[in-house]
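Below is a briefing on a metal site and on the sheet and helices of one protein model. Please read it alongside the structure.

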Amino acid sequence: MEKNFKLELIQLFPTPLLSIKYEENFDEELKFIKNIDYKRINGDQTEYFNIQSSDTFLLDKKDLLNIRVFIEKSLEIYCKEVYHYSSKLIITQSWANKSGKGQKHHSHIHPNSIVSGVFYFQMDENLPPIQFKRDASDNLSLDIDKFNNFNSSTFILPVKNGELIIFPSTLEHSVPPNTSDKERISLSFNTFTQNSLGSIDSLTYLPLQRCL
Ligand SMILES: [Fe+2]
C-alpha cells in the first residue's frame, strides 16, 4: 500500500441476499414434500436435470402452513431491511425440486417476480450448494490472483438444512451436479406485490388494480 495515499474501495450497489434458519422441526413437512407427485423437466436430458413437483402452488397446501408463515415473515424482514417497503409481497408460484445423483439445476432467473426464495428441506455438506452468477454485461476475464466481491463472476453459497434464502429474482443461479447418493430437496417460490408500483409524478405508475 502506498504510504501517502488514503484509499477507500466502496461497493456501490451490492446484491441483497437474506439467509434465515427455520428453528422448528419440519419432519412432517419433509415427509409431505417427499411423497407428492414430481414431473421431469428439460425434455430429453432428464437424467442430468432435477425433477420438479407437478403442483406449482405448494405453499397453498395446509400441510405446509407453518413453512408458509415462516416464509411470509422472512419476506417482511427482507422488504423492510432492503427496500424500506412496508407493503406485503405475495407468494405467487411455489414448487419443490429434487435432484438425485448426477442431476443438476440449469442456470436461470425467475421472470415476473420481484424476489425469489429457496427453502432447503433436505440438505447437508455433501450435497451441492447454490451458485450465483454476476450480470453477464461484465464480461472481462482477467488472470486474477485472488478473488473478491469486485472481481468474481460466480458466488458459491453453502446452505444448510432448514435454511431459507431470499434474493432478487433477476439474480442468475444454478446448482452443480449432485455427487451424493442422497437426494437434494428444496422448495422455490416467486413473489409479486398486490399494491400499485411506481408513482404518478415520475410517470412510472403501474396501477395493478386496473389490470384485473
Ligand atoms: Fe431458481
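The iron ion has as its protein donors His108 (NE2), His110 (NE2) and His173 (NE2), which lie 2.1 to 2.2 Å from it; donors are N, O and S atoms within 2.8 Å of the metal (3.2 Å for Na, K and Ca), and since water is not among the atoms, sites may look incomplete. This is a predicted model, in which local features need pLDDT of at least 70 and side-chain atom pairs count only at pLDDT 80 or more, while totals for chains, interfaces and linings use all residues. Residues are numbered from 1 along each chain as its sequence is written, and side-chain values use heavy atoms, with hydrogens and water left out.

- The donor residues of the iron ion follow the sequence spacing H-x1-H-x62-H.
- Because His108 lies in strand β5 (residues 105–108) and His173 in strand β10 (residues 172–175), the pair ties together parts that are 65 residues apart in sequence; strands (E, at least two residues) and helices (H or I, at least four) are DSSP runs, numbered from the N terminus.
- His173 is buried at 5% relative accessible area, whereas His108, at 21%, is partly exposed (buried means under 20%, exposed over 50%, partly exposed in between, with a 1.4 Å probe and protein chains only).

**Sheet**
- Seven strands form an open sheet with antiparallel pairing, in the order β1-β9-β6-β11-β4-β3-β2, where two strands pair if DSSP finds at least two bridges between them.
- Its edge strands, β1 (18–21) and β2 (38–40), each pair on one side only.

**Helix**
- Helix α1 (residues 27–35) lies across β2, β4 (89–99), β6 and β11, and runs at about 100° to β6; contact means heavy atoms within 4.5 Å, and angles run from 0 to 180 degrees between N-to-C directions of axes fitted to C-alpha atoms, for helices over the stretch in contact.
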